[in-house]
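Let's take a look at a protein together with its ligand. Have the viewer open while you read.

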Amino acid sequence: MILKTENLSHKYSTSWAIRDINIEIADSGIIGLLGSNGAGKSTTMNIICGSLNQTEGSVYINEIDVRKHPLEAKKQIGFLPQTAPLYTDLTIDEYLVYCAALRLMDKTKMKAAVDEVKERCGIAHFSSRLIKNLSGGYRQRVGIAQAIIHKPRLVVMDEPTNGLDPNQMIEVRKLIREIAEEHTVLFSSHVLSEVNLLCREVIMIEGGRIVFSDTMDAFNNYAQTSSVLMKVDNPPAASTLEAIKGVIRVEFVSDKQVRIHFEGSEEDVTNQLITASVAGDWRLREINPEKGVLDEVFKHLSSTAGR
Ligand SMILES: Nc1ncnc2c1ncn2[C@@H]1O[C@H](COP(=O)(O)OP(=O)(O)OP(=O)(O)O)[C@@H](O)[C@H]1O
């Protein structure tokens, strides 16, 4: 397990920014942390990377507790925070040597590590340029370079494409894909289409809580359909429910609770379910449309997609 968080919660002064965040990342690839502004992405990432001490819960990087053994854990983490920690009066070379030293890298290995990372991030031709004279896209590349200089297993990037122009975004996304060939990447975004483009798995956070965590395919399926949650004392077979017009998928939440995903009008489906319940003696207790937080968030994210 590369990353595991257990009931991670954080309170700034009096209010909780995140509650009970449980994340497990077992293997490589790009995992997206998706959520609107203020959802709790930065707080979660800062805690995972040991930049912020959580109020409650634990973070393990490769089984190492970040709070208890920060030095050991941080060797396996590279972090690009929302604002890249750049020293703009240094040249790229000076800055990366400084970062390598911060990472307690062996002096004899520093030059090779700096050269390698410059090559990977496409910044070698600007080695002696001052960081303040670089464009936003190139600054972000330098930020990514410092995050991978010590070859961590997990690279965490907080909104890495935010504020870049469309061409720079494309370039930085390409770089993230390349980096994911060798490192596991956890990156955050408030743009659904970007997560869709880059990630195999998505963790969606809203109001400080995880509201969805699965593959991107599952997310797309879920987001496209509506659902009702039905409580019945004498549930019918799934096939009976699937035969109802508009019903796409049936999910037994417990032996007496069933979630029904449908297309089309909610009223039509609900009416058909009520009629069928009476005819089939399902003993219907409740039927509730699930205009849940996910639907709302999805609408919000869809409307900001591509921004
Ligand atoms: N230093 C702080 N002091 C008090 N409240 C904070 C602080 N940092 C964040 N918050 C609050 O915690 C909540 C989560 O913020 P966080 O920055 O983690 O969200 P985010 O998803 O990264 O959003 P954004 O994309 O806007 O940065 C928000 O309500 C925010 O206002």
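## Ground rules

Helices (H or I, at least four residues) and strands (E, at least two) are DSSP runs, numbered from the N terminus. Residues are counted from 1 along each chain, following the sequence as written. What you see is a predicted model: local features need pLDDT of at least 70, side-chain atom pairs count only at pLDDT 80 or more, and totals for chains, interfaces and linings use all residues.

The score called pLDDT is the predictor's confidence in each residue, from 0 to 100. Its mean over the protein chain is 90, with 94% of residues at 70 or more. For the complex, the predictor gives an ipTM of 0.96 and a pTM of 0.80.

## The overall build

The protein chain has eleven helices and 14 strands. Its C-alpha atoms fill a box of roughly 80 × 40 × 35 Å along the principal axes.

## Around the ligand

Which residues are around the ligand? They are Tyr-12, Ala-17, Gly-35, Asn-37, Gly-38, Ala-39, Gly-40, Lys-41, Ser-42, Thr-43 and His-190.

Terms used: A residue is near a molecule or strand if its C-beta atom, placed from the backbone, lies within 6 Å of it.
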